[in-house]
Every structure is written in C-alpha cells, then in structure tokens.
Amino acid sequence: MSQKTERAAAGTSGHRRTWDAQSLALVAVFAALIAASALAPGIPVGSFGVPITLQTLAVALTALVLGASRAAAAVGLYLVLGFAGLPIFSGGRAGLQILAGGSAGYIIAFFVGAFVLGALAQLVVRRAAPRRRTLWFFLAATAVSIVIIHALGVLGMMVNLKLSWQAAFVADLVYYPGDILKNVVAALAATAVHRAFPDVLVRRVRRA
C-alpha cells in the first residue's frame, strides 16, 4: 500500500473513531444535559435579563469530556433545537428572538467556547500527567470563560442593550464568582469521568 493510501485510510479510520455510535449517543446525551441545565431555575441579577444559570457548567463539562468536535456538535444540536422552537433556553424561552436579547452573546459564545475548550481538553489529556489534569482543566475552562464567554457576552449586551462597554463590563462582572466555582466543579467531574471511562476521550486522543 502506498504512503498516500495509508494516510487516507488512517484519516478515514480516525473519522470513524470520532463519529461512531458511541459518539453520536454522547452528543445527544450532552445536548440533553445542556437543555436540562438551562431549564433549572436561574438566579436573576441586575436589570438586563441575564440570569445566573447552570448552562456554563454544562457547556464546560461537555467540552472537557467530549473534546472539540463532539462538544461543538452537542452545543450546536442544543442551539438548533432551541432556535427551532423547543423551550430549552434559560427560563423556558425558545426561538430566534432570543438573539435580540441581552443573553445573545453568551448563547453564541457557548458554541465557540465548547469547541475551543474541547480542543484544550484534548491537549491536556495528551500532554498533562493524569494527576494534574484537574488543575489544567480548570485553568483552560477559566481562560475560555474570560476570553470567549464573557467577552462575547459583553459584546452582546453592547449590541442588543445599547450599553457602553464600561457598563456592559460591569454588568458582566457579577457572573465571574459563579463561573469560577462552576469551572472547579466541571474540572473535577471531567477528571472523574475520564478516570472511570477512558474510552470517552483519553484513549481516543492517544490513538490519534
């Protein structure tokens, strides 16, 4: 077999490993988990209609457990179902009109953040010693929260609520303590999942 054929076969095999029946089931399960987290009663804060919810915890856990492509698929499935009319956004909301509210930036950031954090999780699994994964998972989740989730959340409030960046930034600060705590929980939970079920991501990354 030529080298070109071998590379093509390896790429096809890797694609099958990523999107096998187990992966499709995990995408569906974690999309349902995100939906359930959104339906849990939120804590209203401020006057801009953006409550504190468990969504960021569910999205972070999804990314840390599934890796980049499958986490993005799970969040994407959740968003498509919500935009299509299922009442699975925070507070039981649904439809594209949610993109006109103060939460729009955070919702869009879930998809981007899930992919980036999933990619970082794969890097952690590949490079970090098992005993240090929890710390690196937490640091990765916190970095993604600040750089992507909060940044796009601030941008969304600026665009949809016509706030200055200073006002939007101050409004966003209230979510930081809760997100840090949720990132700790997500890192601990993801480490436990990978320890108990290494086939979910650990062995996939090593085979790749």
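Biologist: At what angle do helix 5 and helix 6 pack, and how far apart are their axes?

Modeller: In this predicted model, helix 5 (residues 104-127) and helix 6 (residues 133-160) pack at about 160°, with axes 8 Å apart.

Biologist: What makes helix 5 roughly antiparallel to helix 6?

Modeller: The cut-off for that label is an angle over 145 degrees. The pair sits at about 160°, so helix 5 counts as roughly antiparallel to helix 6. The crossing of the two is right-handed.

Biologist: Which residues meet where helix 4 touches helix 5?

Modeller: On the helix 4 side, they include Ala68, Ala72, Gly76 and Phe83. On the helix 5 side, Ile107, Phe111, Gly118 and Gln122 are among them. By class, the contact of helix 4 with helix 5 has twelve nonpolar, four polar and no charged residues.

Biologist: Let's go to single residues. Why is Gln55 called buried?

Modeller: Buried means under 20% relative accessible area. Gln55 comes out at 6%, so Gln55 counts as buried. Gln55 belongs to helix 3 (residues 55-66). Leaving aside residues up to four places away in sequence, Gln55 touches Ile34, Ser37, Ala38, Tyr78, Ser90 and Phe110.

Biologist: What makes Ala36 partly exposed?

Modeller: The band for that runs between the 20% and 50% limits. Ala36 has 46% relative accessibility, so Ala36 counts as partly exposed. Ala36 lies in helix 2 (residues 21-39).

Biologist: What makes the phi of Lys162 worth a look?

Modeller: The phi of Lys162 is near 60°, which is a positive value in a residue other than glycine. Most residues other than glycine have a negative phi.

Biologist: How many helices and strands does the protein chain have?

Modeller: Nine helices and zero strands. Of its 208 residues, 44% count as buried. Among the contacts with a separation of 6 or more, 72% are between residues 24 or more positions apart.

Biologist: Where is confidence lowest in the protein chain, and where is it highest?

Modeller: Helix 1 (residues 3-18) has the lowest, at a mean of 47, and helix 4 (residues 68-84) the highest, at 97. The chain as a whole has a mean pLDDT of 88, with 86% of its residues at 70 or more.

Biologist: What does the model show over residues 1-16?

Modeller: pLDDT stays under 50 there, and the model has one contact beyond four places in sequence for that stretch. Where pLDDT is low, the predicted coordinates should not be read in detail.

How values were computed. Residues are numbered from 1 along each chain as its sequence is written. This is a predicted model: local features need pLDDT of at least 70, side-chain atom pairs count only at pLDDT 80 or more; totals for chains, interfaces and linings use all residues. Side-chain values use heavy atoms; hydrogens and water are left out. Axes are lines fitted to C-alpha atoms, for helices over the stretch in contact, and angles run from 0 to 180 degrees between N-to-C directions. Helices (H or I, at least four residues) and strands (E, at least two) are DSSP runs, numbered from the N terminus. Angles under 35 degrees count as roughly parallel, over 145 as roughly antiparallel, 65 to 115 as roughly perpendicular and the rest as oblique. A crossing is left-handed if the near helix is turned anticlockwise from the far one by less than a right angle, and right-handed if clockwise. pLDDT is the predictor's confidence in each residue, from 0 to 100. Contact means heavy atoms within 4.5 Å. Buried means under 20% relative accessible area, exposed over 50%, partly exposed in between (1.4 Å probe, protein chains only). Ala, Val, Leu, Ile, Met, Phe, Trp, Tyr, Cys and Pro count as nonpolar, Asp, Glu, Lys and Arg as charged, and the others, Gly among them, as polar.
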